[in-house]
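Hello,

Here is the structure I promised to pass on. Have a look at it, and then read on for what turned up.

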Amino acid sequence: MSELSMSSRSTSTKIGWGILMFVALSNVLGHIGLAIIESGPDTVFIAWATANLLAAIILSIPYRRGEKWAWVAISIMVIPFAMVIFSNPQIGPIYLGEAGLIVLGQMLTYSAFFGK
């Protein structure tokens with residue numbers, strides 16, 4: 001797909017991209033904050049922050065260009081978010097909700113990548 005500016009894309013694509021970027025950036029900031037607040041940097045928080053920073057970078061460049069591999073890469077991010085519910089039932093519903101937002105964002109951008 002040739003590079004398209006976000007302004008030439010549909011409203012649903014813009015909303016979907018915005019949801020995905022919000023989830024990625026809020027998780028970067030949240031997990032960095034948790035790493036600082038907790039009694040020393042926790043590797044898990046740093047790993048989550050790094051994974052979400054990578055997602056934000058993918059969303060900023062190749063995703064906006066319409067590169068199909070970027071759509072697939074962001075889709076894979078749903079798996080660890082949804083899996084947290086099995087390892088920590090207290091915070092699992094939060095991550096499951098974020099997984100739902102990622103799925104919603106991906107559904108809203110699907111037609112921009114793969115046609116209608």
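Helix H5 gives the largest share of the nonpolar patch, 3 residues. Helices here are DSSP runs of H or I, at least four residues, numbered from the N terminus. The patch lies on the surface and is formed by Val-72, Ile-76, Ile-79, Met-83, Phe-86, Tyr-110 and Phe-114, with about 730 Å² of accessible area together (Shrake-Rupley method, 1.4 Å probe, only the protein chains shown counting as cover). Patch residues have over 30% relative accessible area and no salt bridge, and nonpolar side chains (Val, Leu, Ile, Met, Phe, Trp, Tyr) are joined within 5 Å. A salt bridge is a Lys or Arg side-chain nitrogen within 4 Å of an Asp or Glu carboxyl oxygen. Two or more residues each come from H4 (68-76), H5 (78-87) and H6; Ile-76 is found in H4.

This is a predicted model: local features need pLDDT of at least 70, side-chain atom pairs pLDDT 80 or more, while totals for chains, interfaces and linings use all residues. Residues are numbered from 1 along each chain as its sequence is written, and side-chain values use heavy atoms, without hydrogens and water.

Best wishes

Terms used:
Patches are made of residues with over 30% relative accessible area and no salt bridge: like charges are joined within 9 Å, nonpolar side chains (Val, Leu, Ile, Met, Phe, Trp, Tyr) within 5 Å.
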